[in-house]
Amino acid sequence: MNDVSYMHLALQLAERTKGQTSPNPMVGSVVVKNGEIVGMGAHLKAGTEHAEVHAIKMAGEKAKEATIYVTLEPCSHHGKTPPCTDLIIKNGIKRVVIATLDPNPLVAGSGIEKLREANIEVEVGVLEQEARELNKVFFHFISNCTPFVTLKTATSLDGKIATSTGQSKWITGDAARTDVHQLRHEHDAILVGIGTVLADNPTLTTRIETGGKNPIRIILDRTLRTPLDSNIVINKEAETWVVTSVQAPKTKQDELEKLGVKVVKVAHDKIKIKDLLQILGKKGITSLFVEGGSAVNDSFLRAHAINELITYIAPKLIGGKEAPTSFSGIGFSKIENALPLTIKEVKQIGDDIKIVSVPKGG
Ligand code: NDP
Ligand code: ZN
């Protein structure tokens, strides 16, 4: 085993905590002494021990003179837990291998500096790209203070998200839908437009075998058309926030609030996506999963607010000029303005295809 394979193991440990560490990053750590793994750990939940603490505790006496692998620069400041750099120094670790620096420009490099001052050998950049990809949400949130936006669509092979009569259940198969539920579990919040609520009456909860976490449900609804008996109101498994405008009728707002819905008002008659993301960022939402429909998708597209696009394509043809596609609204009138994407992943899920793409140039 070499540095790369130990770091790979640390990354695997971190990855298994997907969906449970927000707003903190996923971090894994492995302690190795004389070719033997003597400690392993991952950060499990915000406010609890960091990955290095678990790994060093497990190593015990063997941490002395050992090498520690960490997927993110060890912290050097007093947060909810004491600094990990102090623990590393106190336990006599002689070498620290780090995948990537802390993304916060105010602290980046300070953990390393502290370790080097204590005469510890430090190496940075082992599997850096993988580590940054794993924590892309965290890196994005720290730099922008707005959530990382993943927009998902499920279409037929001819790009339709529903039939001409508005029926959309189900275009894709079970396996693709299970994949979507896993993605819900991994996000802080899920967002749809009032059009989707009225057409489909979705519950927007996470249904996976292992239970899973329910993201906050966010509905864009300028005039509070959300029915009081809709599933997102009566189902209490997750919080529901309805984002509305100055046009919201006060009585309807009271009725929704009485039923436990949080009403978030923007100061205009339209909900501008950039404003919305600022508001959600301030409320601590680090990742947002946009599930449509086509008008909402178009607003995110035109606001250049999509960080990652996930498209499930079913081998089915729906046809029909009136049948909606993933993005409606105005779109771009010139090809040169179309959003160029880079495909990151293509795979078959059941009978369907999943394509993950990102806007070119970030
Ligand atoms: P949307 O769900 O996109 O909702 C659109 C409505 O949201 C608007 O009419 C508007 O109503 C409100 N809204 C508030 N702010 C904004 C904003 N900034 N941008 C856009 N809309 C805003 O409705 P659609 O009718 O476009 O799509 C619904 C259809 O899509 C259904 O048939 C559904 O089955 C299908 N669907 C398919 C999916 C798939 O993946 N296959 C996923 C989701 C939906 P107001 O002005 O009243 O606020
Ligand atoms: Zn720490």
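In the model, a backbone N or O atom of isoleucine 161 lies 3.1 Å from a nitrogen atom of ligand 1, a polar contact being a pair of N or O atoms within 3.5 Å, where within protein one atom must be able to donate a hydrogen and the other to accept it, and residues adjacent in sequence count only if both atoms are side-chain atoms. The model is a predicted one, in which local features need pLDDT of at least 70 and side-chain atom pairs count only at pLDDT 80 or more, whereas totals for chains, interfaces and linings use all residues. Residues are numbered from 1 along each chain as its sequence is written, chains are lettered from A and ligands numbered from 1 in the order in which they are written, and side-chain values use heavy atoms, with hydrogens and water left out.

Ligand 1 is surrounded by 26 residues, of which the closest are Thr196, Asp200, Arg222, Arg225 and Ser299; a residue is counted as near when one of its heavy atoms lies within 4 Å. A polar backbone atom of alanine 154 is 2.9 Å from a nitrogen atom of ligand 1, and a polar backbone atom of glycine 293 is 2.9 Å from an oxygen atom of the ligand. An unreviewed UniProt entry places the feature "binding site" at Ala154, Trp170, Thr196, Asp200, Gly293, Ser294, Ala295, Val296, Asn297, Asp298 and Ser299. These positions span 146 residues in sequence, and their farthest two C-alpha atoms are 24.1 Å apart, so they do not all gather at one spot. UniProt positions are given in the numbering used here, feature names are shortened, and annotations may be inferred rather than shown by experiment. Serine 294 lies in helix H12 (residues 294-302), helices (H or I, at least four residues) and strands (E, at least two) being DSSP runs numbered from the N terminus. With a relative accessible area of 13%, serine 294 is buried, the classes being buried under 20%, exposed over 50% and partly exposed in between, for a 1.4 Å probe and protein chains only.

The UniProt record, also as an unreviewed entry, assigns "domain: CMP/dCMP-type deaminase" to residues 1-123, a span that is 30% helix and 23% strand, with its end C-alpha atoms 17 Å apart. Cysteine 75 and cysteine 84 are both buried.

Two aromatic pairs were counted, with rings of Phe, Tyr and Trp (its six-membered ring) pairing if their centres lie within 6.5 Å, and with planes under 30 degrees apart taken as stacked, over 60 as edge-to-face and the rest as tilted. Tyrosine 6 and tyrosine 69 form a tilted pair, 5.2 Å centre to centre with 40° between the planes. This pair links distant parts of the chain, tyrosine 6 in helix H1 (residues 3-15) and tyrosine 69 in strand E3 (residues 67-72), 63 residues apart. Tyrosine 6 is buried at 6% relative accessibility, and tyrosine 69 is buried at 3%. Phenylalanine 138 and phenylalanine 139 form an edge-to-face pair, 6.2 Å centre to centre with 85° between the planes, and both residues are buried.
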